[in-house]
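This briefing sets out selected features of one protein chain, grouped by topic. Please read it alongside the sequence and the model.

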Amino acid sequence: MKTMALFSATAATVIPRNLAIASSSKHFLAHSLLPSFPRFVSFPTPKSNPRNLRTVSLQSPRAQASASPSPSATFHGLCYVVGDNIDTDQIIPAEYLTLVPSKPDEYEKLGSYALVGLPASYATRFVDAGETKTKYAIVIGGANFGCGSSREHAPVALGAAGVSAVVAESYARIFFRNSVATGEVYPLESESRLCEECRTGDVVTIELGESRLINHTTGKEYRLNPIGDAGPVIEAGGIFAYARKSGMIPSR
């Protein structure tokens, strides 16, 4: 079963009703779960993980982690900077979609291929050859990040590689939705084009509670759009984990 089933009619007992999610002034509606599920009205955007491995096939070994970032959590590390229109084939090429994230060894392999589809103009590899994890905790992108085909593996691959958050000027709706549904990465939106302000290798900190990014290399600070009601869903580890945690569906 793919995570996209979360937003299909067959998941009517699992997906929140009127789950309106906004990304860069674009809205989509995920139909029908339970009337009590909180409405997400125009939330701009949030990595975390007590994910439940048994919810859907895309749930990863990281689903078993015990700690969840709170709204006051911070993410710190090196950033990797990309440009506009980074599509899902660049994030994880189609040839690797046969890997099953719920299998720990294949989940690791998936991470090793994250952003391997970037063009040769990106001289710095996101994941070093022979490694399964990246040294870049934060990805900074331009406009329309995650465009292209609707593959749930895209945010999962980034999470498997060790990415805490993506900060972009705007997102393709499907990538944004899949990030929230899987709970793998926090898709944060910037108020300015950070891809032109930051450089790969800069040391940055994201403060969720303050909605800001601090570039320690340059000494500059930037405002991020607030996480909004998406935070609890991603903190729980995705839509199913949130529904179980909230008592909307039985815990397993």
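Predicted model: local features only at pLDDT ≥ 70, side-chain atom pairs only at ≥ 80, totals over all residues.

Glycine 162 follows helix α3 and has a positive phi, near 105°.

**Helix α3 and its cover**
- Helix α3 spans residues 153-161, and 9 of its 9 residues are buried, so the rest of the structure largely encloses this helix.
- The buried residues of α3 are His153, Ala154, Pro155, Val156, Ala157, Leu158, Gly159, Ala160 and Ala161.
- Cover for the buried residues of α3 includes α1 (88-91), α2, β5 and α4 (173-182).

**Helix α2**
- In helix α2, which runs over residues 104-112, the buried residues are Glu106, Tyr107, Leu110, Gly111 and Ser112.

**Strands β4 and β5**
- Strand β5 (residues 165-168) is covered on both faces.
- Ala165 and Val167 lie on one side of β5, Val166 and Ala168 lie on the other, and all of them are buried.
- Strand β4 (residues 136-140) pairs with β5 in the parallel sense, over 3 bridges.
- Within this pairing, isoleucine 138 stands opposite alanine 165 of β5.

- Arginine 173 counts as partly exposed because its relative accessibility is 41%, which falls between the 20% limit for buried and the 50% limit for exposed.
- Arginine 173 and cysteine 147 are 26 residues apart along the chain, and their C-alpha atoms are separated by 7.9 Å.

**Largest pocket**
- The volume of the largest pocket is about 150 Å³.
- This pocket is lined by 13 residues, of which Leu115, Val116, Thr124, Arg125 and Phe126 are the closest to its centre.
- The lining comprises 10 nonpolar, 2 polar and 1 charged residues.

**The chain as a whole**
- The chain contains 6 helices and 9 strands.
- It has 252 residues, and 56% of them count as buried.
- Its accessible surface comes to about 10300 Å², and carbon and sulfur atoms account for 50% of that area.

Conventions:
Residues numbered from 1 in each chain as written. Heavy atoms only, no water. Buried < 20%, exposed > 50% of the residue type's maximum accessible area, 1.4 Å probe, protein only. Helix = DSSP H or I, 4+ residues; strand = E, 2+ residues; numbered from the N terminus. Contact = heavy atoms within 4.5 Å. Areas by Shrake-Rupley, 256 points an atom, 1.4 Å probe, with all protein chains shown as cover. 1 Å grid on protein atoms, 1.4 Å probe; cavity = no way out; pocket = protein on both sides within 12 Å on 5 of 7 lines; lining within 4 Å. Points joined across faces, edges and corners; volume = space filled by probe spheres on them. Nonpolar A, V, L, I, M, F, W, Y, C, P; charged D, E, K, R; others polar. Pairing = 2+ DSSP bridges.
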